[in-house]
Amino acid sequence: MNKNQYGFCKGHSTINAVSIITYDNLNALDSGNYNLSVFLDLSKALDSINHNILCKTLSHYDIRGVALEWFTSYLTERKQYVYYKCIDSQLLPITCGVAQGSVLGPLSFIIYSNNAPGSFRYTTSILFADATTIYVSGKKYYGII
(Lines give C-alpha, C1' and ligand atoms only; values in the text may rest on other atoms or scores of the structure.)
Protein backbone atom coordinates (compact mmCIF):
# COMPACT_ATOMS: atom_id res chain seq x y z
CA MET A 1 0.00 0.00 0.00
CA ASN A 2 1.17 3.50 -0.75
CA LYS A 3 2.68 5.07 2.38
CA ASN A 4 0.76 8.28 1.65
CA GLN A 5 -2.67 6.58 1.71
CA TYR A 6 -4.54 7.42 4.89
CA GLY A 7 -8.06 6.23 4.10
CA PHE A 8 -9.32 2.84 5.28
CA CYS A 9 -5.85 1.99 6.63
CA LYS A 10 -5.30 0.85 10.20
CA GLY A 11 -3.44 3.41 12.31
CA HIS A 12 -3.98 6.22 9.77
CA SER A 13 -6.54 8.98 10.06
CA THR A 14 -7.51 12.36 8.67
CA ILE A 15 -5.53 13.93 11.50
CA ASN A 16 -2.35 12.20 10.27
CA ALA A 17 -2.95 13.38 6.70
CA VAL A 18 -3.77 16.98 7.64
CA SER A 19 -0.80 17.15 10.03
CA ILE A 20 1.64 16.09 7.32
CA ILE A 21 0.27 18.55 4.76
CA THR A 22 0.27 21.38 7.32
CA TYR A 23 3.80 20.62 8.52
CA ASP A 24 5.22 20.39 4.98
CA ASN A 25 3.55 23.61 3.81
CA LEU A 26 4.47 25.62 6.91
CA ASN A 27 8.05 24.35 6.73
CA ALA A 28 8.25 25.44 3.07
CA LEU A 29 6.84 28.88 3.88
CA ASP A 30 9.29 29.30 6.77
CA SER A 31 12.08 28.50 4.29
CA GLY A 32 10.91 31.27 1.96
CA ASN A 33 9.49 28.93 -0.67
CA TYR A 34 6.36 29.29 -2.74
CA ASN A 35 3.68 26.63 -2.27
CA LEU A 36 1.15 25.20 -4.65
CA SER A 37 -1.49 22.77 -3.43
CA VAL A 38 -4.26 21.11 -5.41
CA PHE A 39 -7.13 19.44 -3.58
CA LEU A 40 -9.05 16.77 -5.48
CA ASP A 41 -12.19 15.03 -4.34
CA LEU A 42 -13.55 12.39 -6.68
CA SER A 43 -17.27 12.31 -7.11
CA LYS A 44 -18.71 8.79 -7.05
CA ALA A 45 -15.21 7.32 -6.66
CA LEU A 46 -16.34 3.71 -6.40
CA ASP A 47 -18.27 4.14 -9.66
CA SER A 48 -15.12 5.29 -11.47
CA ILE A 49 -13.14 2.06 -11.12
CA ASN A 50 -12.35 0.54 -14.53
CA HIS A 51 -12.61 -3.25 -14.21
CA ASN A 52 -9.78 -4.02 -16.65
CA ILE A 53 -7.36 -1.62 -14.96
CA LEU A 54 -8.28 -2.95 -11.50
CA CYS A 55 -7.64 -6.55 -12.57
CA LYS A 56 -4.28 -5.60 -14.11
CA THR A 57 -3.37 -3.74 -10.91
CA LEU A 58 -4.32 -6.77 -8.80
CA SER A 59 -2.09 -8.94 -11.00
CA HIS A 60 0.72 -6.39 -10.53
CA TYR A 61 0.39 -6.94 -6.76
CA ASP A 62 0.74 -10.72 -7.25
CA ILE A 63 -2.93 -11.54 -6.94
CA ARG A 64 -3.11 -14.25 -9.58
CA GLY A 65 -4.62 -17.63 -10.33
CA VAL A 66 -7.85 -18.60 -8.61
CA ALA A 67 -7.98 -15.41 -6.51
CA LEU A 68 -7.72 -13.16 -9.58
CA GLU A 69 -10.22 -15.32 -11.50
CA TRP A 70 -12.67 -15.04 -8.61
CA PHE A 71 -12.27 -11.27 -8.42
CA THR A 72 -12.58 -10.93 -12.20
CA SER A 73 -15.77 -13.00 -12.20
CA TYR A 74 -17.10 -10.83 -9.36
CA LEU A 75 -16.68 -7.76 -11.58
CA THR A 76 -17.65 -9.08 -15.01
CA GLU A 77 -20.95 -9.90 -16.63
CA ARG A 78 -22.92 -7.78 -14.17
CA LYS A 79 -25.93 -5.94 -15.46
CA GLN A 80 -28.07 -3.10 -14.19
CA TYR A 81 -31.43 -1.50 -14.88
CA VAL A 82 -33.65 1.17 -13.45
CA TYR A 83 -37.20 0.57 -12.30
CA TYR A 84 -39.29 3.74 -12.06
CA LYS A 85 -43.07 4.13 -11.91
CA CYS A 86 -43.73 0.54 -12.99
CA ILE A 87 -41.36 0.82 -15.96
CA ASP A 88 -38.11 -1.13 -16.35
CA SER A 89 -35.24 0.36 -18.32
CA GLN A 90 -33.15 -1.68 -20.69
CA LEU A 91 -30.74 -4.16 -19.05
CA LEU A 92 -27.20 -2.83 -19.59
CA PRO A 93 -23.74 -4.21 -18.74
CA ILE A 94 -21.74 -2.64 -15.90
CA THR A 95 -18.22 -1.91 -17.15
CA CYS A 96 -17.00 0.38 -14.35
CA GLY A 97 -17.48 0.56 -10.63
CA VAL A 98 -17.80 -1.80 -7.70
CA ALA A 99 -20.80 -2.63 -5.55
CA GLN A 100 -21.66 0.15 -3.09
CA GLY A 101 -21.67 -0.89 0.54
CA SER A 102 -19.54 -3.96 -0.08
CA VAL A 103 -16.42 -4.75 1.93
CA LEU A 104 -14.49 -4.94 -1.35
CA GLY A 105 -15.53 -1.44 -2.51
CA PRO A 106 -13.15 0.73 -0.44
CA LEU A 107 -10.32 -1.80 -0.71
CA SER A 108 -10.77 -1.98 -4.49
CA PHE A 109 -10.57 1.80 -4.77
CA ILE A 110 -7.40 1.99 -2.66
CA ILE A 111 -5.73 -0.69 -4.78
CA TYR A 112 -6.96 0.99 -7.97
CA SER A 113 -5.65 4.44 -7.01
CA ASN A 114 -2.52 3.31 -5.17
CA ASN A 115 -0.10 4.14 -8.00
CA ALA A 116 -1.51 7.62 -8.73
CA PRO A 117 1.07 9.46 -6.58
CA GLY A 118 3.88 7.95 -8.66
CA SER A 119 2.49 9.81 -11.68
CA PHE A 120 3.43 13.17 -10.21
CA ARG A 121 7.17 13.60 -10.58
CA TYR A 122 8.07 16.62 -8.43
CA THR A 123 5.16 16.69 -6.04
CA THR A 124 4.03 15.12 -2.80
CA SER A 125 0.65 13.44 -2.68
CA ILE A 126 -1.52 12.62 0.32
CA LEU A 127 -4.47 10.33 -0.30
CA PHE A 128 -7.44 9.81 1.95
CA ALA A 129 -9.90 7.41 0.35
CA ASP A 130 -11.32 9.37 -2.61
CA ALA A 131 -9.66 12.69 -1.69
CA THR A 132 -6.16 13.54 -2.88
CA THR A 133 -3.95 16.51 -2.10
CA ILE A 134 -1.02 17.19 -4.41
CA TYR A 135 1.47 19.83 -3.37
CA VAL A 136 4.87 21.21 -4.29
CA SER A 137 7.08 24.01 -3.03
CA GLY A 138 10.14 25.75 -4.37
CA LYS A 139 12.09 28.98 -4.70
CA LYS A 140 10.81 29.82 -8.19
CA TYR A 141 7.39 31.20 -9.02
CA TYR A 142 6.01 30.49 -12.49
CA GLY A 143 2.70 32.29 -12.08
CA ILE A 144 1.07 34.89 -14.26
CA ILE A 145 1.73 38.43 -13.10
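Me: Why is Ala131 called partly exposed?
Reply: This is a predicted model, by the way. Ala131 has a relative accessible area of 27%. Buried means under 20% and exposed means over 50%, with partly exposed in between, so at 27% Ala131 is partly exposed. Ala131 sits in strand E7, residues 131–138.

Me: What makes Thr72 partly exposed?
Reply: The relative accessible area of Thr72 is 27%. That value falls between the cut-offs of 20% and 50%, so Thr72 is partly exposed. Thr72 belongs to helix H3. From Thr72 to Ile53 the C-alpha distance is 11 Å, and the two are 19 residues apart in sequence.

Me: How do you know that Phe71 is buried?
Reply: Phe71 has a relative accessible area of 9%. The limit for buried is under 20%, so Phe71 is buried. Tyr74 is buried too.

Me: How many aromatic pairs does the structure hold?
Reply: Three. One of them joins Trp70 and Phe71, and another joins Phe71 and Tyr74.

Me: Why is the pair of Trp70 and Phe71 called edge-to-face?
Reply: The ring centres of Trp70 and Phe71 are 5.9 Å apart, and rings pair if their centres lie within 6.5 Å. The planes stand at 65°. Over 60 degrees counts as edge-to-face, so that is the name for Trp70 and Phe71.

Me: And what makes the pair of Phe71 and Tyr74 tilted?
Reply: Here the centre-to-centre distance is 5.9 Å and the angle between the planes is 55°. Stacked needs under 30 degrees and edge-to-face needs over 60, with the rest counted as tilted. At 55°, Phe71 and Tyr74 are a tilted pair.

Me: Where do Phe71 and Tyr74 lie?
Reply: Both are in helix H3, residues 65–75, three residues apart, which is about one turn of the helix. An α-helix has 3.6 residues a turn, so residues three or four places apart point the same way.

Me: Which residues do the ring pairs link into a cluster?
Reply: Trp70, Phe71 and Tyr74.

Me: How do you know that the charged end of Arg78 sits over the ring of Tyr74?
Reply: The charged end of Arg78 is 4.7 Å from the centre of the Tyr74 ring. The distance limit is within 6 Å, and there is an angle limit of within 35 degrees of the ring normal as well.

Me: Which other feature includes Arg78, and what is the lining of the second largest pocket?
Reply: Arg78 lines the second largest pocket, along with residues including Asp47, His51, Leu75, Lys79 and Ile94. By class, the lining has five nonpolar, three polar and three charged residues. The pocket volume is about 180 Å³.

Me: Why do we say that the buried residues of H2 line one face of the helix?
Reply: His51, Leu54, Cys55, Thr57 and Leu58 are buried in H2. Seen down the axis, the buried residues of H2 fall within an arc of 160°, so they line one face of the helix. The face turned away from that buried side carries the exposed residues Asn52, Lys56 and His60.

Me: Why is Asp62 called exposed?
Reply: Its relative accessible area is 56%. Exposed means over 50%, so Asp62 qualifies. Asp62 is in the loop between H2 and H3.

Me: What phi does Asp62 have, although it is not a glycine?
Reply: A positive one, about 65°. Most residues other than glycine have a negative phi. Cys86, not a glycine either, has a positive phi of about 65° too. Cys86 lies in the loop between strand E3 (83–84) and strand E4 (87–88).

Me: What makes Cys86 count as exposed?
Reply: The relative accessibility of Cys86 is 68%. The cut-off is over 50%, so Cys86 counts as exposed.

Me: How do you know that Tyr122 is exposed?
Reply: With a relative accessible area of 64%, Tyr122 passes the 50% cut-off and is therefore exposed. Tyr122 is in the loop between helix H4 (104–113) and strand E6 (124–128). Tyr122 and Tyr135 are 8.9 Å apart in space, C-alpha to C-alpha.

Definitions and conventions. Residues are numbered from 1 along each chain as its sequence is written. This is a predicted model: local features need pLDDT of at least 70, side-chain atom pairs count only at pLDDT 80 or more; totals for chains, interfaces and linings use all residues. Side-chain values use heavy atoms; hydrogens and water are left out. On a 1 Å grid over the protein atoms alone, a cavity is a set of points where a 1.4 Å probe fits but cannot get out, and a pocket is an open set with protein on both sides within 12 Å along at least five of seven lines; lining residues have an atom within 4 Å of a point. Grid points are joined across faces, edges and corners, and a volume is the space filled by probe spheres set on the points. Ala, Val, Leu, Ile, Met, Phe, Trp, Tyr, Cys and Pro count as nonpolar, Asp, Glu, Lys and Arg as charged, and the others, Gly among them, as polar. Rings of Phe, Tyr and Trp (its six-membered ring) pair if their centres lie within 6.5 Å; planes under 30 degrees apart count as stacked, over 60 as edge-to-face and the rest as tilted. Buried means under 20% relative accessible area, exposed over 50%, partly exposed in between (1.4 Å probe, protein chains only). Helices (H or I, at least four residues) and strands (E, at least two) are DSSP runs, numbered from the N terminus. The arc is that of the directions from the helix axis to the C-beta atoms.
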